[in-house]
Amino acid sequence: QVQLVESGGGLVQPGGSLRLSCAASGSILNINTMGWYRQAPGKERELVATITIVDRINYADSVKGRFTISRDNAKNTVYLQMNSLKPEDTAAYYCNAAVTTTILTYLEVWGQGTLVTVSS
């Protein structure tokens, strides 16, 4: 009913930048919260950043000052601009959305993940 499609991952050198995108589609009235999470090999999934429908933003301490989350409500899309990337940013990045549907139900959905590798 609601799907998230992620894009923008890839290989980048330390100090480089990437921009991730996540587009939601389906029977959506609005998306209350969108966010990015990541999971590195051998580590548990952790929050990277979230943004609410009223633009309340939270960042993990490890990415503050380097990453910027934003959303385009007209396109049901969330972005993660990642600058000054470090090898420890290497992970699978997952988009998450809390959605109110057109029939006023609440859904939490996850994207399939997009790989980010920071290496020289």
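The accessible surface of the chain amounts to about 6,300 Å², and carbon and sulfur atoms account for 48% of it (Shrake-Rupley method, 1.4 Å probe; for residues, only the protein chains shown count as cover). The model is predicted: local features need pLDDT of at least 70, side-chain atom pairs count only at pLDDT 80 or more, and totals for chains, interfaces and linings use all residues. Residues are numbered from 1 along each chain as its sequence is written, and side-chain values use heavy atoms, with hydrogens and water left out.

The chain contains zero helices and 11 strands (DSSP runs numbered from the N terminus: helices H or I of at least four residues, strands E of at least two). Buried residues, those under 20% relative accessible area with a 1.4 Å probe and protein chains only, form 42% of the 120 residues. Of the contacts (heavy atoms within 4.5 Å) between residues at least 6 apart in sequence, 55% join residues at least 24 apart.

Threonine 114 lies in strand β11, residues 114-118, and is buried, at a relative accessible area of 11%. Leaving aside residues up to four places away in sequence, threonine 114 touches Glu6, Gly8, Gly9, Leu20, Ala91, Ala92 and Tyr93.

Note on methods
Buried means under 20% relative accessible area, exposed over 50%, partly exposed in between (1.4 Å probe, protein chains only).
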